[in-house]
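Hi,

Here is the structure I promised to pass on. Have a look when you get a minute, and my notes follow below.

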Amino acid sequence: MSEFDHTGIDRLIHSRIRLSVMAILACVDHARFTFLREKVNTSDGNLSTHLSRLEDAGYVEAEKTFVDRKPLTRYRLTGEGRRAFRAYVDRMETLLGSAKEDER
Amino acid sequence: METETTRRDLAAIRALMEESRAHVSGTGRYWILWGVVSIFGFVVTWLGARGAVRLPLDLSWIWGGLLALGWAGSAWMGWRGERAAAVVNEVTRIVYAIWVGLGVVLTVGALAGMITPLISVEALPGLLAVTVGAGYLPTGSIRGLGWLRWLAGVWWAGGAWMLLRPGLHTLLVLGAMVVALQIVPGIVLERSGAPGRSSPARGTP
């Protein structure tokens, strides 16, 4: 068996930035764009692109609001996103578990 | 090799999740607001008690107004802050619940001390300090800030001293404690709410 059997891995989540975003949102009710950008440490444009992909997949919801006339966007994980993230983590843990067995 | 990289990535992601879970948005501004409101009250009470100024209203009305102002300000900041908060999570809700609960205890205690004979007015500064300290310990523990936990001890020691040595001077001591242990830490917490640590995703697609 090769080290990794990628079958069953959600390709949409399997990118470091998207995975980081999903991981953050899985732990909070919602987070602002600026918080995500700071934690993920990437540019506005890059983060927007990744967030759009997650939104298109129905994993993430955006809510736009105004505070002191400044536009703010905050994101939250949808139920579908939460399930997909859980499944991704389970799959990765299984894969890492099998790889560990192979090493012995 | 690929397995090792994946394992490292997952460990970094786990750390990122812990950071996000422990993040608390904007409690410092409430400490600053209540600090300013209460110091104003202490100074007015002290000046009135010494006869340095003639107060136009009974002290219970002045304190009632100040407490109402504090709660109205907190409600406004809470409404605005919830929308503007960088992140809202369970930990933030727990910390807010602790302080709202303590705020109610302090408000009822202060008003009971001034309106009824049940609580001695002289004991109020000490009791207030001891109660406020009870909020610092869980806040410091939840946020992982050791210095906040130490401040709880200072509040308790100060409160105990004021209860043992009651008198008008305790208002000034409490005022100094509010500046040093509440307003200054509030400013520190507000400033620390800005840029944080980087994550494993730096520079990756």
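To start with a quick one: is A:Asp29 buried, partly exposed or exposed? A:Asp29 comes out as partly exposed, because its relative accessible area is 30%, and buried would need a value under 20%. Bear in mind throughout that this is a predicted model.

On the chain A side, A:Asp29 sits in the loop between helix H1 (16-26) and strand E1 (30-32), while B:Arg93 belongs to helix H4 (residues 90-115) of chain B. B:Arg93 is partly exposed too, given its relative accessibility of 44%.

There is another cross-chain pair to look at. The side chains of A:Lys39 and B:Glu19 form a salt bridge, with N and O 2.7 Å apart. This one runs from helix H2 (residues 33-40) of chain A, where A:Lys39 lies, to helix H1 (residues 2-22) of chain B, which holds B:Glu19.

Now for a pair within chain B. B:Glu190 and B:Arg29 meet through their side chains in a salt bridge of 3.4 Å, N to O. B:Glu190 is in helix H7 (residues 169-192) and B:Arg29 in helix H2 of chain B, so this contact ties together parts 161 residues apart in sequence. As for accessibility, B:Glu190 is partly exposed at 28%, and B:Arg29 is partly exposed at 30%.

Those pairs are among the 8 salt bridges that the structure holds over all chains.

One last item, back in helix H2 of chain B. That helix covers residues 28-50 and includes B:Ala49. B:Ala49 and B:Leu168 are separated by 119 residues in sequence, yet their C-alpha atoms are 7.9 Å apart in space. With a relative accessibility of 49%, B:Ala49 counts as partly exposed; exposed would take a value over 50%.

If you open the model, I'd go through the pairs in the order above.

Cheers

Note on methods: Residues numbered from 1 in each chain as written. Chains lettered and ligands numbered in written order. Predicted model: local features only at pLDDT ≥ 70, side-chain atom pairs only at ≥ 80, totals over all residues. Heavy atoms only, no water. Helix = DSSP H or I, 4+ residues; strand = E, 2+ residues; numbered from the N terminus. Buried < 20%, exposed > 50% of the residue type's maximum accessible area, 1.4 Å probe, protein only. Salt bridge = Lys/Arg side-chain N within 4 Å of Asp/Glu carboxyl O.
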